[in-house]
Amino acid sequence: MFCKTTGPPDAKIMLIGEAPGVDEDREGKPFVGYAGRTLDKLLYQAGINRRECLVTNIAREKPPGNKIGFFYEDSKKTRPKPILQHWLGVLKSEIEMYKPNLIVTLGATALWEVCRLKGIRDYRGYITESTLAPGFKVLPTWHPQKINYEWKLHFDVVMDLRKAAQNCDTPGLLVDNRRLQSSPSLQEFLQYLEYLDRDHEGYIAVDIESTPGAHIDIMGIADSPEHAMALRILSGDKPVFSRDNELKFWQGISRVFSHKPIIMHNGSYDAAVLWYQNGIACPNYNADTMIATHICWPETQRSLGYLTSICLNVPAWKHLSSEMPTYYNCLDVVNTYGDWEVMEKELTKLDAWDIYKFEMSQVEPAIFLQLQGLHVNQEKRQQMLEDLTEREAELDAYLEQEIGKKINFNSHQQVKDLLYIDLGLPTQYKRRKSVSEARKKTSDIEALTKLARITDNPVLLKIIEKKKISKLRGTFIDITVSPASRVHTSYNVTGATMARMTKTTVIDDEDSYKSFGRWSSSKSIILPYGSGNLQNIPKPARKIYTVPKGYVLLQADHIQAEAVVVAYVINDQKLIALFEASFGQSREFREKNNLDVHKLTAAQMFGVQAGEVTHKQRNIGKAIRHATNYAAGPGVLSHKVNCSMAEAKKLLTAYFSLSPQLTLWHKRIQDELRNTRYLVNLLGRKHKFLDRWPQDGKSGSLFRSAYSYIPQSTVGDLLNKSLVKVYHEQGHQGLHLNLYLQLHDAIYVLSEDNSQKIEEGMLTLRECMLYPLTSNNREFTIDVDFSLGPSWGEMEEI
């Protein structure tokens, strides 16, 4: 059925979707089905009345199979068939007849046909001009059906629709009157620096463009959201100016940056490059729009392009980076300035300045750790490489003989054929995020481990060993090392994704934006040596990371930190008594008196005394403790303890019956989410959860994320508070400590290798890391443990 445009002819806003679905085809009206109901919710949240909008689609009839490609001549959907050309003519006539002040395109198809733009992720949220009906302004956003699939994007659409409501009163196109000086002479730029140094008051925004070797080739500065200047100083790898003139430029930059308050976006990179390449410090860099975004909207993207699409009424510009690099840089800095003015208000509205300042205090230590790097013992690395290569060759020979042919174990298909056709083993499937997903065969480590357990086939154990050795050698040992025998990583203080943060993989990794305040790390652009992420180095590979002669590596971590937080939050008196009895005691005392939360858990589960708990039972207790705290299902637990799903279900049922406080706490978390969508950790960090509310009201990634938030984010923030203190303590009062490494649950420092210095270091670390927390009107402190060793992989508890 032909689907008509609906809505009042004098509407200020016209909404344009893709094509009718089943419900629309039946009723002859746009957006009356599932996507339409989602659109109604989004409009309501944005303060827009749908009945006051024109609503239509690009295609006026339902395509076969709901595939919009049917109406195109090509697979890229750029050349419409005659019927679609006719409908586009109808749409153009309707736009010109109704004259809406603003058109909102919903989805990629509408964006292409109305504006001839590809890449909705780059253009959504930015007002542009229609090419179908020139002179009309258009605001693209996601299609409501996309939101049904990826609910986290509903925040984007609501913000886009709010922008639509703000821009629909007048029909005129936006006029960009900002003054962007993208081709100044050196003299003009030097005069600008002199003005900034002497006369300008307030912030400046700074952004650099750099070469692949992290040399600055363009410098941009804005003194307001309306004016910026950018200067190119490198052309390829050649200087643009003479040595003397470039020196004048850097001296001017140094004078300005030494005392002006600076705004950056992801300034940890810019500030690190300025210091490493040019020796220029930014002591008053205290405004970072990426960090502000992380504090205010922790589950959204953090790129400058995304933030600007939410905060400002400006044209899209990220597509200009190659074509007009200095003009692009000018736009970067003025938009950074404008975004900061918006985010200042947002931080105030959310009462989030303390957490923001705390996160900014972590930037300098993160830069220090990146530039310092870790020392690699090349002899150990080479020996390990040779040993692993030899062992892998032995495994290859064994497997070829046992299987009867060569298998490429990096080929998932060949391994699946071996397992399920040649060996006839039970088919294993990937764990699904929902029962509606199609089941997919897998040959991953989890599947191999399960098959090895249920079949006792020695070939599977050798395959597992080979795959682990191959990854260890290729990813973590056979790495590029700097001429100074160091590797480097870039620490991101705005944190890890959910999947990276949890050691027990309790949390789904479907949301790559979510962070709970813990750092992540990735390959350093400035010093690109090493495997990249130093926070996922397996223990065998850590042995190659050694310390200078005369020093040892000292590790400090909070003892069973997340379990302690959960105990006080849920008011578990048995656990609280255990933690209070063990606080300040030696490891020997704790072991002798069985003051171990995982032993206690196992003892309760297996009905034995704590002193009778076996090593295997303790590991099961540990896995159950982590899993149940964060409401992981039996699939996660069965993988962690290598048992069947039925056994895992029994373990979970038994544990929850022994810990009713945990169930009550989960209920309180659900109630808080239902009321406000916000949770606050024990150090004041506030987090708004954007995930879809579970259909059954009981399970889902939203609740699992929420259950983990308070313990994980509290412990992450506690560790980083400690790290900042340690960073500022090093070198003070003759203390020879050097911050060396940060992991999610531990701080590592270099100490002189003598007992007095080690003891002084331990006392300093303990003083920095003991911090009082409060829950349920009860104050508590998480204790600290220490380990010592000549390398990262040879740490012994002390």
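Tutor: Let's look at one helix pair, and then at a few spots elsewhere in the chain. Keep in mind that this is a predicted model.

Our pair is H21, residues 561–570, and H22, residues 573–582. Their axes are 8 Å apart, and the two helices pack at an angle of about 130 degrees. Angles over 145 degrees would count as roughly antiparallel, and 65 to 115 as roughly perpendicular; H21 and H22 are therefore oblique to each other. As for handedness, the crossing of H21 and H22 is left-handed.

So who touches whom? From H21 come Ala563, Val564, Ala567 and Tyr568, and they meet Leu575, Ile576, Phe579 and Glu580 of H22. Sort the residues of this contact by type and you get seven nonpolar, one charged and no polar. Notice the spacing of the numbers, too: an α-helix has 3.6 residues a turn, so residues three or four places apart point the same way.

Now hop over to Ser708, which lies in helix H29, residues 701–729. Ser708 and Glu562 are 146 residues apart in sequence, yet their C-alpha atoms are 9.1 Å apart in space. Is Ser708 buried or exposed? Its relative accessibility is 0%, so Ser708 counts as buried. A polar atom of the Ser708 side chain lies 2.8 Å from the backbone oxygen of Ser705.

Last stop: helix H11, residues 289–296, is mostly covered, with eight of its eight residues buried. Among them are Met290, His294 and Cys296. Where H11 starts, a side-chain oxygen of Asp288 comes to within 2.9 Å of the backbone nitrogen of Met290.

Definitions and conventions. Residues numbered from 1 in each chain as written. Predicted model: local features only at pLDDT ≥ 70, side-chain atom pairs only at ≥ 80, totals over all residues. Heavy atoms only, no water. Axes fitted to C-alpha atoms, helices over the stretch in contact; angles between N-to-C directions. Helix = DSSP H or I, 4+ residues; strand = E, 2+ residues; numbered from the N terminus. Parallel < 35°, antiparallel > 145°, perpendicular 65-115°, else oblique. Left-handed = near helix turned anticlockwise from the far one by under 90°. Contact = heavy atoms within 4.5 Å. Nonpolar A, V, L, I, M, F, W, Y, C, P; charged D, E, K, R; others polar. Buried < 20%, exposed > 50% of the residue type's maximum accessible area, 1.4 Å probe, protein only. Polar contact = N/O pair within 3.5 Å; in protein donor to acceptor, adjacent residues only side chain to side chain.
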